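Visitor: I would like to learn how to read a structure with several chains. Could you walk me through this one?

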Amino acid sequence: MDFLNRLTPALPALILALLALAGAAGVLATGPLAISPGDLLSALFGQGSPDAELVLTLRGPRLLAALTCGAALAGAGAGFQILFRNPLAAPDLLGVSSGAGLGAALALLLGAGTALVQGAAFAGGLAAGGLAMGCAALTRSGDGRLALILCGVVAGALASAGLGLVVIVAEPYSQLPAITWWLLGSFTRATLAEALFALVPIGLGGAVLLWLGFRLDVLSLGDEQARSLGLPARRLRLAALAAAALMTSAAVALAGIVGWIGLLAPHAARLIVGERAGRLIPASMAVGALFALVIDRLATAFGPAEIPVGLLSAALGAPAFLFLFVATSRRS
Amino acid sequence: MSGLLLEHLVAGRAARGGKGFRLPPLNQSVAPGEVVAVIGPNGTGKTTLLKTLAGLLPPLAGSIHRPRAAWLPPPGAVSAGFSVLHLTALGRSHLRRWSSGLAPADLEAARAALDRLEVGHLADRPFDRLSSGQQQLVLIARLFVQDAPLCLLDEPMALLDPAHAQAVEAAIRTLAREDRIVIASTHHLPLAARADRVLALGPDWAEMAAPARALAPDRIRALFGVEVDGCPCCGGPLS
Amino acid sequence: MIGLGGVLTLSACSRGRSSGADSRDVVAAGSPAALLVWAVGRERLAGWPRKPGAKALAALPALAADLPELGSLASGGGRPADIEAIAALKPRLVIDYGDTDPEYQTLAQRMQARLGVEWRLIDGTLTRIPEAIREAGALLGAAGGADGLADDAAGVLERWRSAPAGPGFYYARGADGLETGFRGALATEVLEGARWTNVAEGSRNIGRVTREQVAAWDPEVLVTLDSGFADAIRTDPVWRWRRNGERRRVLLLPDRPFGWVDRPPSVNRLLGCAWLADPKGSAMTLASLSRRLYGMAPVEVAQPRWIS
């Protein structure tokens, strides 16, 4: 794959983008409501039949949600993996996913509507991330990477314990199923407004990570070297962590807990574009978006009952990760 | 070109649970183009002093007037999976405050520096796959790219075979020749012997002197507590 | 008239019996069983496996709020009970009401051995509610009242079975309505038995679907117990309009104090059966059933609402 890099830096990104486009078309064109592609196309320009308009209203947000959540989780995962120099770093490193799950579960327990549940999930994720970062800052140990990981584990464990408590207390015939389904993840329950809303924090976080680019490489060398190379290490690291937390919280708020994308996509992207953050972050986002499209399509491919994408991402992601890991370790 | 000026500088670590230590106050000035070797037993605070001079640690007392500084950690402290070229080009990070990527000019400068140190052929290899000596040369190339008026090197010769050690020493000389201040801590006394001045850090004293004086047997005995008539680490002649 | 009088006398009698703590010696293993015991012999119920919410308690007699929450002994979910705390109450009988498959029989035997208390598993099938009521009545020593209730229940089920065919429906569960019971599921049994057609097919029991799938099925009626959901979709074109341009009807069934078709799957379902058998003329039956099952006053009985 090295020759691809030397050929054209933009070529891998182009290929990924084309694949994503094909995937998007796949999601848009298939579903239980049978609409001809021509009808769909004219609906895109506002001139289709009512059925086609309906289909767009339903499949469009789903597509948008899958793309943005996949990209967000993958970008956050890549950022963490670079920053912490840890190939097993995942977006849940700071306990953000668990915190978001707890927020949503609490909201569902109190009988809130979908908008409030999403808001609570977003707030919960940021709270967990903030807790982890705050506790790590208190320890004042060197550049704090180890402290961050430990505090993230603690925050995540606390959130999980809280979640367990909520599950026990929830009413078993209505609240408990609702909580369980929410946690397992789905791209189909978002409306267009909600998906666009989520685009704001995801876009912001993504823009920050993309702008950080080579600075993430510098930060990965450690605080001392980063400062010696003339970068305000603490501030940049904070920005990177905040961006990743923002993206992960928004993704979980929109779609529930979808694991493995954030872990898998950076590894796959690394095989294509190499280690430099400036290329790895956008490539990871593209791979993540693609992966999300695939599992979204599979979620409703086996009958009318929807398979939660959280389960699908684990079922596909774990073996794929193993395969990638074996392949890369064989190479080196 | 500005020089380095230390006024009653007390470097050290603040006592946290009784583990602090202080170096003796230093009043020194170093002019551009000078190479200063810092010698002393393990644990007297050479690394702490270098980090303080680099601005990575706050001084406990006194002040430093210094130009922009670049710091090179000991060999083995830098680990990176990306390519040598990219790592070297990162030396220009201080120039890219707001842009989202390194400029092609940065890569050019990196390539030029690598070629100068005759490691240009390693440009596309992952940094972690190089030997210690090669890594050290790459990092010194990065120092050139950083173009800082003050260069602080922590034990640059450690773990190096004679060939690479020579190349590193030559690179240090070049750094200084281009009007930079180079301060390097080392156990390699022949390097100290060839420096312009030697700063000896004893347990509770510090003395800056010419190499001939600083490396005299009685000073060595006072510093390390051993008798030597050759370099303690490689046995070669001292001057 | 006589029937009504008989009902009033009976309820007066049951209220007159001593309601001291000593007589609360029957533990319900799960929420379905709690409702059965509450209907047949509520003064003997030791506690709720899961205490009903404030709205439900407001509709039930004061006794309901006084009973403690014990936790669930059955494996169906909810806070598990502390076995020691249950044993400390010195119950004389544990009633479980629901699935009687062999695995639950073995569970019953194990629990009986652990607690040292008689554990009775009663078949919870909808069509066997009259038998279940009689069995519970015999166990609780309230055979007289139970027989009357069982007869009423049998009549309701009879009329329910011969109800005229109804519309195609989609059963919306949960706040976003995307959880549903597929054809043949326990949750939709009451509706399907009244010969309403469940559009959701192709899977089993409970599952999640997408809005597009619901639109593809194009049900005539949306049935829900969730007033929040009914409100939320009032103005949502995806839910409200059918593919032929007609407005979809939304049926909001009451869930106070307990759901009329679901939640939990117990004797509460009789109300749904009664209403579905005769939506227009069942007011008296509903009032009488609510009083006998829950102790509710007639004015408290909620009515299903058609939202259009």
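Guide: What follows is a tour from the chains down to single strands.

Guide: This is a predicted model, in which local features need pLDDT of at least 70, side-chain atom pairs count only at pLDDT 80 or more, and totals for chains, interfaces and linings use all residues. Residues are numbered from 1 along each chain as its sequence is written, while chains are lettered from A and ligands numbered from 1 in the order in which they are written.

Visitor: Which chains share the most contacts?

Guide: Two residues are in contact if their C-beta atoms, placed from the backbone, lie within 7 Å. Of the two pairs of chains in contact, A and C share the most contacts. Chains B and C have no contact with each other, and their closest C-alpha atoms lie 41 Å apart.

Visitor: How many residues does each chain bring to the contact of A and C?

Guide: Chain C gives 30 residues and chain A gives 29 residues. On the side of chain C that touches chain A, the elements giving two or more residues are β7 (206-208), α10 (211-217) and α11 (227-232) of chain C. Such elements are DSSP runs numbered from the N terminus: helices are H or I with at least four residues, and strands are E with at least two. The largest share of that side, five residues, comes from α10(C). By class, this side of chain C divides into ten nonpolar, ten polar and ten charged residues. Here Ala, Val, Leu, Ile, Met, Phe, Trp, Tyr, Cys and Pro count as nonpolar, Asp, Glu, Lys and Arg as charged, and the others, Gly among them, as polar.

Visitor: What does the radius of gyration say about chain C?

Guide: The radius is taken over C-alpha atoms, and the globule rule is 2.2 Å times the number of residues to the power 0.38. For 308 residues a compact globule would have a radius near 19 Å, and the 20 Å of chain C agrees with that. The C-alpha trace of chain C spans about 60 × 45 × 35 Å along its principal axes. Chain C holds 14 helices and ten strands.

Visitor: What percentage of the residues in chain C are buried?

Guide: A residue is buried if 20 or more other C-beta atoms lie within 10 Å of its own, exposed if 12 or fewer, and partly exposed in between, with C-beta atoms placed from the backbone. In chain C, 47% of the 308 residues are buried.

Visitor: Into which domains is chain C divided?

Guide: Domain bounds come from an automatic or database domain assignment. For chain C they give domain 1 (18-142) and domain 2 (168-307). The C-alpha centres of these two domains of chain C lie 27 Å apart. Where they meet, 16 residues of domain 1 of chain C contact 18 residues of domain 2 of chain C. On the domain 1 side, α2 (31-41) and α3 (54-59) of chain C are the elements that give two or more residues, and α2(C) gives the largest share, five residues. That side of domain 1 has twelve nonpolar, two polar and two charged residues.

Visitor: What is the order of strands in the open sheet of chain C?

Guide: Strands of a sheet pair through backbone hydrogen bonds, either parallel or antiparallel. Two strands count as paired if DSSP finds at least two bridges between them. The open sheet has five strands in the order β6-β4-β8-β9-β10 (chain C), with mixed pairing. β6 (197-198) and β10 (305-307) of chain C stand at the edges with a single partner strand each, so one side of each lacks a neighbour in the sheet. Within this sheet, β8 (residues 221-224) and β9 (residues 249-252) of chain C pair in the parallel sense over four bridges, and V223(C) stands opposite L251(C).

Visitor: How many residues of strand β2 of chain C are buried?

Guide: Five of the six residues of β2(C) (residues 93-98) are buried. Three bridges join β2(C) to β1 (residues 26-28) of chain C in parallel, with V26(C) opposite L93(C). Six bridges join β2(C) to β3 (residues 118-123) of chain C, also running parallel, and G98(C) has D123(C) as its bridge partner.
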